[in-house]
Amino acid sequence: MVLQSTSIAVAKDIVQTTEKLDQASPEITPKKPLTIAQTFDYEQEDVLIREQGQVTSVTQLSDVQPTDWAFQALQSLVERYGCIAGYPDSSYRGNRAMTRYEFAAGLNACLDRITEIIASSGDLATREDLATIQRLQEEFSAEMAALRGRVDVLEARTTALEANQFSTTSVMGGEIIFGLAAAEGGDPPGNGDDQQAILAYLARLGIVSSFSGKDRLAIGMVSGNFANRGFAGTADNPGLVTDMALYSFQTDTDNRFQLDLLEYRTPVFNDRVVLTFAPQGFSLSSVLTANSPFFDSGRGAVSRFGQANPLFKIGSLDAGVGFDWLALDRVRLQFAYGTRNSSCPGSGQGCDVRDQGGGITGSDHSALGVQLLMKPRSNILTGLAYINAYSVDGRLDTLTGSFNADASGFINEPTQTNAVSATFQWRVNRTISFAAWGGYAFTDSKVSDAYANTYTYTVALGFSDLFGREGDLLGLIFGQPLKLADGSGLPSGEDEDTSLHFEAFYRFKVSDNIAITPGLFVITNPEHNSDNDTIFLGVLRSTFRF
């Protein structure tokens, strides 16, 4: 059983890009609609490529002050020669160490700029300027020659790759995750103290193609061996008997590869709208930005609950369509509609639509989501969403809360759910990010007066590049899994107590393609029942991308 329809995280793209979660607090500026040249992270695409940008005034560098000892030098290089670049957050990071190769590259840019100025204006440099330039050229001649040699080698390699690549418009990539996981506690619920440590894996393979250079066709395969729902348990193997024990990368295909993603995206209306069509591997978060710094099963949160807002998982969908519209430079309107058991045209074999039908296709589960994504400030991104879902049996199927909440009190009737969601992400500075999300779902029976109201919330902190290690990430997550707080006419009633989720993980970046993440999450009062003992789940996750 595949617990989630997460998509293939392809590590290489048509062009060299920086993937999501390379930093704990990525650039969160809402971007224009996707093109083939932008980051392909199918789980969520809500970050910009992190590049340095040219500045025209020293005042644009937020961390450079007139009292700094090098202020005048920077001012001259920026405003006189225009050869200094800043980072996307408008910082210069003047205290950061640099190699002699980096200095040679910067010096070469300034020399080229000076040559342009002299050629265009006819103004000659002073004798002192020429002497300084000559001295610098002599001192760094070896580094500049080496730099030119490296560029020549890269050009040769690029030419060879272009001549021998699989396709001029296709890129293949993949990800393999190994998790050494253990659990303790419970009993009740389940038999946590009797659980043995397990070694499980998740493998993803994918190919991305483009027909026009702007559109994208993505196909992904997945394989995993997290049998018996891991520590969450099944009827035959109880485990901890709670979905609160699910890991983010947890998937079981009985070691067989199967189709996990089939998706096509294309921009329209002058590239301000991106249309998405996904007959396989769809969820509301395929289009609605999750707005979470940890929404990555290989490099983000180690728990399923800690990834992002559970309401975006409503319906456990498999196919859908949507659009992402850049309405204003700081405002995006996103729409998604998806179904489950989408191949069922009616009440045929394998379908369970009963007399009411579901959604516009007649499937037994469907969900429609609309989100307004806004950027009130350069380092803040917030989203407000409305979700309308149909379920033939009343189940939300987020697999993130109590069984009672996810089944709407086991109402087992056709229901309509109206849910509201809010997300917030604040990039406090270059290395610290704060995020919060939550929402309320109101589920009403379509055949009786029964109803169930559920809610959830989460707050999280991310600390990147700790101890001077670029790419490392410390994540701290606290929240309440989905809880049935109010209802009527429900066989199982309401959740009487409250479970709390505590999670911490540290991602060590071994290289651009390898990361190792020890993580731990703790659930108090599992299943929102104070009679149940606290459960502890730990994992050592190794992620390889290629």
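What share of the contacts in the chain with a separation of 6 or more comes from residues 24 or more positions apart? I looked this up and got 68%, with contact meaning heavy atoms within 4.5 Å.

**Basis.** I am working on a predicted model, in which local features need pLDDT of at least 70, side-chain atom pairs count only at pLDDT 80 or more, and totals for chains, interfaces and linings use all residues. Residues are numbered from 1 along each chain as its sequence is written, and side-chain values use heavy atoms, with hydrogens and water left out.

**Whole chain.** I note 5 helices and 18 strands; helices (H or I, at least four residues) and strands (E, at least two) are DSSP runs, numbered from the N terminus. Of the 546 residues in the chain, 50% are buried. Buried is under 20% relative accessible area, exposed is over 50%, and partly exposed is in between (1.4 Å probe, protein chains only).

**Aromatic pairs.** I find 15 aromatic pairs in the structure. Rings of Phe, Tyr and Trp (its six-membered ring) pair if their centres lie within 6.5 Å; planes under 30 degrees apart count as stacked, over 60 as edge-to-face and the rest as tilted. I looked up Tyr247 and Phe249, a tilted pair with 5.8 Å from centre to centre and 40° between the planes. Tyr247 is buried at a relative accessible area of 1%, and Phe249 is buried at 0%.

I then took Phe323 and Phe335: the pair is stacked because the planes are at 20°, with the ring centres 5.5 Å apart. This pair links distant parts of the chain, with Phe323 in strand β8 (residues 319–328) and Phe335 in strand β9 (residues 331–340), 12 residues apart. Phe323 has a relative accessible area of 28%, so I list Phe323 as partly exposed. Phe335, at 24%, is also partly exposed.

Which residues do ring pairs link into a cluster? I list Phe226, Phe231, Tyr247, Phe249 and Phe521.

**Helix α1.** The helix spans residues 71–81, and its buried residues are Phe71, Leu74, Val78 and Tyr81. Just after α1 comes Gly82, with a positive phi of about 60°.

**Backbone entries.** Most residues other than glycine have a negative phi, and most peptide bonds are trans. I looked up the exceptions below with that in mind.

Where does Pro188 lie? I place Pro188 in the loop between β3 (170–185) and β4 (198–209). The peptide bond from Asp187 to Pro188 is cis, with omega near 0°. A cis peptide bond also joins Pro188 and Pro189, where omega is about -5°. Pro189 is in the loop between β3 and β4.

Asn228 is not a glycine, yet has a positive phi of about 55°. I find Asn228 in the loop between β5 (216–224) and β6 (258–268). Asn228 counts as partly exposed because its relative accessibility is 39%.

Phe269, not a glycine either, has a positive phi of about 50°. I place Phe269 in the loop between β6 and β7 (273–280). Is Phe269 buried or exposed? At 66% relative accessibility, Phe269 counts as exposed.
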